[in-house]
Amino acid sequence: MEFNPADNIQDLQYFGEFGGVNPSISDSSTYTFLSAKTMFDTFEGNAEGCYLYSRHSSPSNLYLDKAMAAMEGTETANVSASGMGAITPTLLQLCGSGDHIVSSRTIYGGTYAFLKNFTPRFGIKTSFVDITKLDLVEAAITPETKVLYCETVSNPLLEVADIAGLAKIAKKHNLKLVVDNTFSPLSVAPAKMGADVVIHSLTKYINGSSDTVGGVTCASREFIDALKNVNSGASMLLGPTMDSLRSASVMKNLRTLHIRMKQHSYNALFLAERFEKDGLKTVYPGLKSHPSHELYKNMINPEYGFGGMMTIDAGSADKANELMELMQQKNLGYLAVSLGFYKTLFSAPGSSTSSEIPMDEQIEMGLTEGLIRFSIGLDNDIERTYQMMKKCMVETGVLKMSAEMV
Ligand SMILES: *Cc1c(COP(=O)(O)O)cnc(C)c1O
């Protein structure tokens, strides 16, 4: 049977303490025991179903862990207070002083800054490579390398990582392949293609209502147990714990993820095709012009499409800013970072989410100053949105008016 993450989520069943259709929220940081012996066993992690302290585990977080593991097809998962709160302990668990990471050079700005500026303090070095070139990836591996790191669809350039190809390289060199799948939940299941660890920022599509930050690490039972070990686990000891009230709320939003992803993907493909036809430099993995279109087409579950993220090039930073301000004024979306909201969000990554990346490196990787990143919303009538956006583009001179467009 074909792996379908949405069906796996649907097949889960939870009840509340009083038969409620939603699981009860555990609103406690600490838990009582009838016997001192059980308390000791729980601390050691040897008492199934018992809770000691909510940084270790809480019933609400375990529900969301289970749903995330079902979605990614991993043995288990561990939710965290933010996406960075999932990424940083995962990498610190896998690497210590003297170790080396090979990472995609086009990754989330915070992850880039962590690997470039922060982990060297602990003796962990990272080589940044063009992840679309498997020969360059393999050439960057040294005897000290422990981890291959990438995003399925990269932020903000929307480059696609050949996860199966990378998994083969990881196996060959005995490395762990860690994949940030934030841009492509449901569409892509990296663990099914050989990734060892799959990470999400729940802040984005999975929660989808831009009201909280959150994250998750999905992996084997062995790795998650190591992350949560009371003596040596990076998640346990650094403490990026998600609050139970929040995990219960993310869990409720998760129920509509499959419907939302279909609409995000439908709307983004619609706009990307139109904008490209109008002559705008448009990047979207669903376009035949995307360098990895064929690869990505074979990686995704077509039900959920090519995702809701696209970029256009407005030509200059000034034009990009002018266009974004006008689109916001016309209520076509918000000039805001982040993604996965019901409303379209747009920002210029060069001066915002990717500003951690030095200018010369931005230029080298093709991150132009006029680049606008769109997280396309759930608009009901996308043709209407298109017409209104086009008007803004013509008015700001981003689109040159041609006779047929009038
Ligand atoms: C937002 C984001 C992160 C970081 O997540 P937070 O929840 O903001 O900590 C990591 N990776 C990607 C691809 C993201 O978009």
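The side chain of Ser289 makes a polar contact with the side chain of Glu276 at 2.5 Å; a polar contact is a pair of N or O atoms within 3.5 Å, where within protein one must be able to donate a hydrogen and the other to accept it, and residues adjacent in sequence count only if both atoms are side-chain atoms. The model is predicted, so to speak of local features requires pLDDT of at least 70, side-chain atom pairs count only at pLDDT 80 or more, and totals for chains, interfaces and linings use all residues. Residues are numbered from 1 along each chain as its sequence is written, and side-chain values use heavy atoms, with hydrogens and water left out.

**Ser289 and its setting**

- Ser289 is placed in the loop between strand E8 (282–283) and helix H12 (293–299); helices (H or I, at least four residues) and strands (E, at least two) are DSSP runs, numbered from the N terminus.
- Ser289 counts as partly exposed because its relative accessible area is 47%; buried means under 20%, exposed over 50%, and partly exposed in between, with a 1.4 Å probe and protein chains only.
- A separation of 38 Å lies between the C-alpha atoms of Ser289 and Pro120, which are 169 residues apart along the chain.

**Ligand surroundings**

- Of the 13 residues around the ligand, those that come nearest are Gly83, Met84, Asp180, Thr203 and Lys204; a residue is near a molecule or strand if one of its heavy atoms lies within 4 Å of it.
- By class, this shell holds 4 nonpolar, 6 polar and 3 charged residues; Ala, Val, Leu, Ile, Met, Phe, Trp, Tyr, Cys and Pro count as nonpolar, Asp, Glu, Lys and Arg as charged, and the others, Gly among them, as polar.
- The side chain of Asp180 has an N or O atom 2.6 Å from a nitrogen atom of the ligand.
- The ligand taken alone exposes 380 Å², of which the protein buries 92%; accessible areas come from the Shrake-Rupley method with a 1.4 Å probe, and for residues only the protein chains shown count as cover.

- An unreviewed UniProt entry annotates Lys204 as "modified residue: N6-(pyridoxal phosphate)lysine"; UniProt positions are given in the numbering used here, feature names are shortened, and annotations may be inferred rather than shown by experiment.
- Lys204 lies in the loop between strand E6 (197–201) and strand E7 (215–219), and Lys204 counts as buried because its relative accessibility is 11%.
- Not counting residues up to four places away in sequence, Lys204 touches Thr182, Ser338, Leu339 and Gly340; contact means heavy atoms within 4.5 Å.
- Ile206 is found in the loop between E6 and E7 and is buried, with a relative accessible area of 1%.
- Beyond its neighbours within four places in sequence, Ile206 is in contact with residues including Met68, Met71, Pro185, His200 and Arg260.
- The C-alpha atoms of Ile206 and Ser338 are separated by 12 Å, although these residues are 132 residues apart along the chain.

**Covered helices**

- Helix H5 (residues 109–118) is mostly covered, with 7 of its 10 residues buried; among them are Tyr112, Phe114 and Leu115.
- The buried residues of H5 pack against helix H4 (84–94), strand E2 (100–104), strand E3 (125–129), strand E4 (145–151) and helix H14 (359–364).
- H4 is also mostly covered, as 8 of its 11 residues are buried, including Ile87, Pro89, Leu91 and Leu94.
- Asn267 lies in helix H11 (residues 257–277) and counts as buried at 0% relative accessibility.
- Asn267 touches Ile376, Gly377, Leu378, Asp379 and Ile382, not counting residues up to four places away in sequence.

**Backbone features**

- The peptide bond from Asn155 to Pro156 is cis, with omega near 0°, and Pro156 sits in the loop between E4 and helix H7 (163–172).
- Ser210, a residue other than glycine, has a positive phi near 45°; Ser210 is in the loop between E6 and E7 and counts as partly exposed at 38% relative accessibility.
- Asn331, also a residue other than glycine, has a positive phi near 60°; Asn331 is in the loop between helix H13 (317–329) and strand E10 (334–335) and is partly exposed, with a relative accessible area of 49%.
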